[in-house]
Amino acid sequence: FIPFAEQSGQIIELGRWVLEQAWSDRRAWKGLHATELGMSVNVSAHQFMSAGFVSTVASVLDRASTDPNLLTLEVTESVFVRDEGRALIVLAELKDIGVRLALDDFGTGYSSLGYLNALPIDTIKVDQTFIGKLSHDAGSQTIVTAIIQLAHSLQMNVVAEGVETVAQHRELTRLGSDSCQGFYFAKP
């Protein structure tokens, strides 16, 4: 339904609701945990590039009176294909308000190593396509290892997506992935 929501323009309102709901849920969960919980929220390219997106994020954070560093917005590389100049401006504005940024599904789209050096990204999320082949495909293991090493060299964190087995988790830990997510831990 995401492409339909983008085509109809409803993604802006839907995305705002998702961000507000996620932050509201985070506030409710805060009472259950002794430590501050971070929250990651996926953002569609259309929503990310829309006028007023940064002010919407700032407004949600202001109303919650919470450290913006606890929010990570996940964007895909497709935002740079639409309008690289505008995307860089939005990224810089989000960093200025203290939000953390993750490059989602890394390695499957328009991966450009030039972007990595120019973007104010905190985290790279290795796409599950590589993770699923990790145990039986030397090429995938080489790519995952290279992404982890490259990200760490650029002072970025790495999250491996689509971890489904204990073997994958062990291998990713051995390779140096900072975090993992997937069915092995919990279903969405």
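Predicted model: local features only at pLDDT ≥ 70, side-chain atom pairs only at ≥ 80, totals over all residues.
Local features need pLDDT of at least 70, and side-chain atom pairs count only at pLDDT 80 or more, while totals for chains, interfaces and linings use all residues. Residues are numbered from 1 along each chain, and side-chain values use heavy atoms, without hydrogens and water.

**Packing of α4 and α5**
- The axes of α4 (residues 53–64) and α5 (residues 78–96) come within 10 Å and cross at roughly 15°.
- That makes α4 roughly parallel to α5 (angles under 35 degrees count as roughly parallel).
- The crossing of the two helices, α4 and α5, is right-handed.

**Helix α4 itself**
- The 12 residues of α4 should span 16 Å at 1.5 Å a residue, which agrees with the 17 Å between its end C-alpha atoms.
- Buried residues of α4 include Phe-53, Val-54, Val-57 and Leu-61 (buried means under 20% relative accessible area, with a 1.4 Å probe and protein chains only).
- The buried residues of α4 pack against α2 (11–30), α3 (45–49), β2 (71–76) and α5.

**Pro-120**
- Pro-120 is found in the loop between α6 (113–118) and β4 (123–126).
- Pro-120 has 26% relative accessibility and so counts as partly exposed (between 20% and 50%).
- Leaving aside neighbours within four places in sequence, Pro-120 is in contact with Leu-91, Ala-92, Lys-95 and Leu-101.

Notes: Axes fitted to C-alpha atoms, helices over the stretch in contact; angles between N-to-C directions. Helix = DSSP H or I, 4+ residues; strand = E, 2+ residues; numbered from the N terminus. Parallel < 35°, antiparallel > 145°, perpendicular 65-115°, else oblique. Left-handed = near helix turned anticlockwise from the far one by under 90°. Expected span 1.5 Å × (residues − 1). Contact = heavy atoms within 4.5 Å.
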